[in-house]
Amino acid sequence: MTNRSPPIARVTRVTTELPVPRCARWRVAAAIFVFITGCLWLAPPRLHAGLTGENVALIVNASSIDSLTIANHYAALRHIPSHNIIFLDDVPGGLSVSLDAFRDRILKPVLESINSRRIAPQISVIAYSAGFPTSVDITSLTKRLEDNEQEKYRRPTASINSLTFFYRWVLSDSPDCLGWGANLYARGTFDRHFTNPFAGEKGNQFDAAAQASRAERFKEAAEGFETLANEFPTLCPLPILAAENWLRSGDEEKSLTQIRLAIRNGWINRRYLIETEPLSQLFGADVDMPADRRGLLDRLQDVPCAMQGPIAFSAINGWTSDGHAVSQDQGGMPYLLSCMLAVVHEHGSSLQHATASLDRAATSDRTYPDATFGFSKTKDVRSTTRFPVTPDALAWLLARDQKVEIFASTLPTSAKPYIGLMLGAATLPLSGRKWSFAPGAIAENLTSFGAVFQNASQTKLTALLDAGAAISSGTVTEPYALPPKFPTAMTYPYYAEGVTAIEAIYLTVQSPFQLLVVGDPLCQPFARASNDFVRCEAIAATSTHPSSLQITWQPLPDTPVSTATTAMELYLNGKLAGRLRPTPNIQINLPPETHGVVDTRVVLIGAHPTQPRISTRAEIVVGEESQLPQLKQVAADNPDDIAISIDSENAERVDVMHLGRVVGTIQNSSGRITLTSQQIGRGPVHLQAIATQSGRAVLSRSLKIDW
């Protein structure tokens, strides 16, 4: 691995139409039409984000037992709705695949399934189970690079998850996903907040306001920035710029109005207001502030002003050049977070190690571990490449009372638990170590072949997962020691702020096209989710509403590691039904013919910059329990198979489903089916039945079998 400084490349916006539909408004998207009473539809100025299992599309190679088994584990651990699980029957074999094969046999079928199921508004993560190629030949893209320096340092190989992340570019066959700053979601230095995020007329308006400020025409500048802020409320630096210029013009009240607006729409940094002129005139440490102004500061984070803070991800958002979210209709660039759950291979993990890693990772959520973030500092170029950003990361972590350590060796020498490790070595001697990984740890190692599973050269990223890490990353080809291609040290303070593991990684990789990310994307040991009470239940039928559900929400006092609920989402049978303001009592009136189990979920979104989520799930029976299809495991003729008895009174047909896919059918009210591991994999297998009774579909309760 050699050290190179990347030439500057400009990202060009791709304007091809999305295959995943845009979502400017939330609408009813449930499998059954519902009418919701007792609440208000929410149309907030800020775009909501954050991740739970409801936001993950789990992609399964239907021909791979390993893929089916990993999917069984992950779906059970993270409660992935069956509508979110997509089986592909024509997955190319091997570790590498052509760009055309990836696009036509993996990416397009995934996006088309998301479209046809109408779950695009809720999907932000594409998680590939085991059994998929890890790398993609992109020679056709690199050949079209016009800059020789760019071409020299861009080997014609990309990772499967990075091309999924850049799906817009891949579908339009554009090489712009290879740019050094192609990931606009990634954070940058703090002054990036105040760069011009616009092109065209809006860009000219921003430049005019900035020029007016430099010319000390402060009122004109303030009005210009305020006009843009009103049109683009999610771009919270705009009202900060307006506030500064109102204050310079002598209008303190208008300045405070803009500060309040910025905080309401996402501004999080406390120190900027305290330490930066002219706002320090209002918020400085020696200012005698009234209570309401001090209350504004209390809502902010006391972290350094060197780097931009973390921001929660959502695929329905677009991202601007200054790293902030706007709607796609306003010109933002959308992405889809993506990873692999496991690489089961002779040079990767065993199936046993892969499932154990996912099991362990899922225990870490909201545990707030008393563990250390460790950073290796050696003379190896793999270590020195990323170290310039490390002091900023250390300052942030220390400001949040986290434990940090810099060690002058390849690996730690102490006997501590680590929740994060940033490493840089060709080989990692992981056996015989005294230290351990805390559940939920992010650990990644900058080296050339960390995700090149075609050979045993260098330590693979999967070795860190097998050692106890929850998620890791590595490149699928020689990347050269180019900092934009790897996670920076800021991954760890962002993780400590409460984002999920996959957000923490993508928040710091500016050019991720060669990076393979593997592990549990939803780990969130530091998330400050709501601790409010939620109950879901069926309510007594009336002549007006024979089928209804009741959602009860009760706010509870905040704790040091929780936040108040700012919004709630309702999911019925796996699909987003609506986003609402927090409401104590919600009645959901179902169609009169609804009968059977309704998978009911309520996701609470916390009032925190990382927008933490927590989900409450319940299988609610509508109608008579005795009318539900009954599934029961019985003795199989072959010990390597599973046998299921089915009984459903008055049914003309019963379909048995595994993770939402029909795997067996009987054409009467009772019978038996036999399932093999080739059909459903092993592990915690979840089965359900849909009975057709007098033309009405009735869903059973779930049957879980540990196989």
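This report describes sheets, aromatic contacts, charged pairs and one cysteine site in a predicted model.

An open sheet is built from three strands in the order 24-25-28, with antiparallel pairing. Strand 24 (630-634) and strand 28 (670-676) are at the edges and have a single partner strand each, so one side of each lacks a neighbour in the sheet. On average, neighbouring strands in this sheet are turned by 25° against each other, with direction ignored. Strand 25 (residues 641-647) runs antiparallel to strand 28 and is joined to strand 28 by seven bridges.

Another open sheet of three strands has the order 4-6-7, and its pairing is mixed. Its edge strands, strand 4 (96-98) and strand 7 (157-159), each pair on one side only. The twist from one strand to the next averages 35°. Three bridges connect strand 6 (residues 135-137) with strand 7 in the antiparallel sense, and Asp137 faces Thr157 of strand 7 as its opposite residue. Helix 2 (residues 99-116) lies across strand 4 and strand 6, and runs at about 90° to strand 4.

## Aromatic pairs and charges over rings

A pair of aromatic rings is described by the distance of the centres and the angle of the planes. The structure contains 25 aromatic pairs. One of them joins Phe165 to Phe166 in an edge-to-face arrangement, with 5.0 Å from centre to centre and 75° between the planes. Phe165 has 0% relative accessibility and therefore counts as buried; Phe166, also at 0%, counts as buried as well.

Phe165 also pairs with Tyr335, here in a stacked arrangement with 4.5 Å between centres and 5° between the planes. This pair links distant parts of the chain, 170 residues apart: Phe165 belongs to helix 5 (residues 160-165), while Tyr335 is in the loop between strand 9 (325-327) and strand 10 (337-340). Both Phe165 and Tyr335 are buried. Ring pairs join Phe165, Phe166, Trp169, Tyr335 and Tyr506 into a cluster.

Two arginines are placed over aromatic rings elsewhere in the model. Arg187 lies over the face of Tyr185 at 6.0 Å from the ring centre. For Arg682, the charged end sits over the ring of Trp707, 4.4 Å from the centre of that ring.

## Salt bridges

Side chains of opposite charge can pair when their charged atoms come close. Over the whole structure, a search finds 28 salt bridges. The table gives some of them.

| Arg78 | Asp365 | 2.4 Å |

The salt bridge of Arg78 and Asp365 has an N to O distance of 2.4 Å. Arg78 is in helix 1 (residues 65-78) and Asp365 is in the loop between helix 14 (351-361) and strand 11 (372-376), so this pair ties together parts that are 287 residues apart in sequence. Arg78 and Asp365 are both buried.

Arg260 has a relative accessible area of 29% and is partly exposed.

With a relative accessible area of 6%, Arg601 is buried. Salt bridges also link Asp100, Arg103, Arg144 and Asp173 in a network.

## The Cys305 site

Cys305 is located in the loop between helix 13 and strand 8 (317-319). The relative accessible area of Cys305 is 25%, so this residue is partly exposed. Apart from neighbours within four places in sequence, Cys305 is in contact with Phe190, Asn269, Arg271 and Tyr272. Asp191 is 114 residues from Cys305 along the chain, and the C-alpha atoms of the two residues are separated by 8.6 Å.

Terms used: Residues numbered from 1 in each chain as written. Predicted model: local features only at pLDDT ≥ 70, side-chain atom pairs only at ≥ 80, totals over all residues. Heavy atoms only, no water. Pairing = 2+ DSSP bridges. Helix = DSSP H or I, 4+ residues; strand = E, 2+ residues; numbered from the N terminus. Axes fitted to C-alpha atoms, helices over the stretch in contact; angles between N-to-C directions. Phe/Tyr/Trp six-rings, centres within 6.5 Å; stacked < 30°, edge-to-face > 60°. Buried < 20%, exposed > 50% of the residue type's maximum accessible area, 1.4 Å probe, protein only. Lys NZ or Arg CZ within 6 Å of the ring centre and 35° of its normal. Salt bridge = Lys/Arg side-chain N within 4 Å of Asp/Glu carboxyl O. Contact = heavy atoms within 4.5 Å.
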